Amino acid sequence: NRQMLALMRRYPDRFSGLAVANPWYGRKAVALLEKYFDLGLVGVYFHGGRQGFRLTEAILDPLVKVCIAARKPIYCETGTPGYAMPFQLAELGRRFPEAKLVMGHMAWSDFCGYDIIPAAKQAPNILIETSCAIGEIVRGALAELGPDRLLFGSGYPRSRPQLEIEKFRGLGLATEMYSRIMWRNARALWGIGK
């Protein structure tokens, strides 16, 4: 968190960072998240597979409540079986409908995205970050959910930013739709450039 904050302060026109807090630290994690939101971080990043919790576990609830109170989005790394799959995120979204949730990497895994759209339809507060998914899965999500629920992501270091940009260019989107997905939705979600 300190490193991200330092980067934001050093390059205010280039970086807007997410905080990291592990729910296993209880009140310390709550205080940490509140502190770094107050200092300017724009949301939180959860990685259940690395941090050792499922998105459906109540241990996450205090941190989700902090995000709701602070009006900060929650980016969830998804695609990790057992910890962070699309329907687990949908359950979190239904339990906390006022939370703004991001399905990271479009739940990229070996399962080819069969559950992304049905899960997102269960919780309208989920936006889908599109990195690491093939263009046809993105096209399907766009057709089913519309452009306001998709967010461009570079996928770095898993993917290369240029490949992710080319994926969208290859979809042949209208200029308005392209700009919404590539940057406008993210600016609105993270409160960047206000």
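Predicted model: local features only at pLDDT ≥ 70, side-chain atom pairs only at ≥ 80, totals over all residues.
Let me begin with Tyr 75, which at 10% relative accessibility counts as buried, where buried means under 20% relative accessible area, exposed over 50% and partly exposed in between, with a 1.4 Å probe and protein chains only. Residues are numbered from 1 along each chain as its sequence is written, and side-chain values use heavy atoms, leaving out hydrogens and water.

Now to the aromatic pairs, of which a search of the whole structure finds 4; rings of Phe, Tyr and Trp (its six-membered ring) pair if their centres lie within 6.5 Å, and planes under 30 degrees apart count as stacked, over 60 as edge-to-face and the rest as tilted. Tyr 45 and Tyr 75 are stacked, because their ring centres are 5.5 Å apart and their planes lie at 15 degrees. Since Tyr 45 lies in strand 2 (residues 43-46) and Tyr 75 in strand 3 (residues 74-77), this pair ties together parts that are 30 residues apart in sequence; strands here are DSSP runs of E, at least two residues, and helices are runs of H or I, at least four, numbered from the N terminus. Tyr 45 is partly exposed, with a relative accessible area of 25%.

Another pair, Phe 46 and Phe 53, is edge-to-face, with 6.0 Å from centre to centre and 90 degrees between the planes. Phe 46 is buried at a relative accessible area of 1%, and Phe 53 is buried at 0%.
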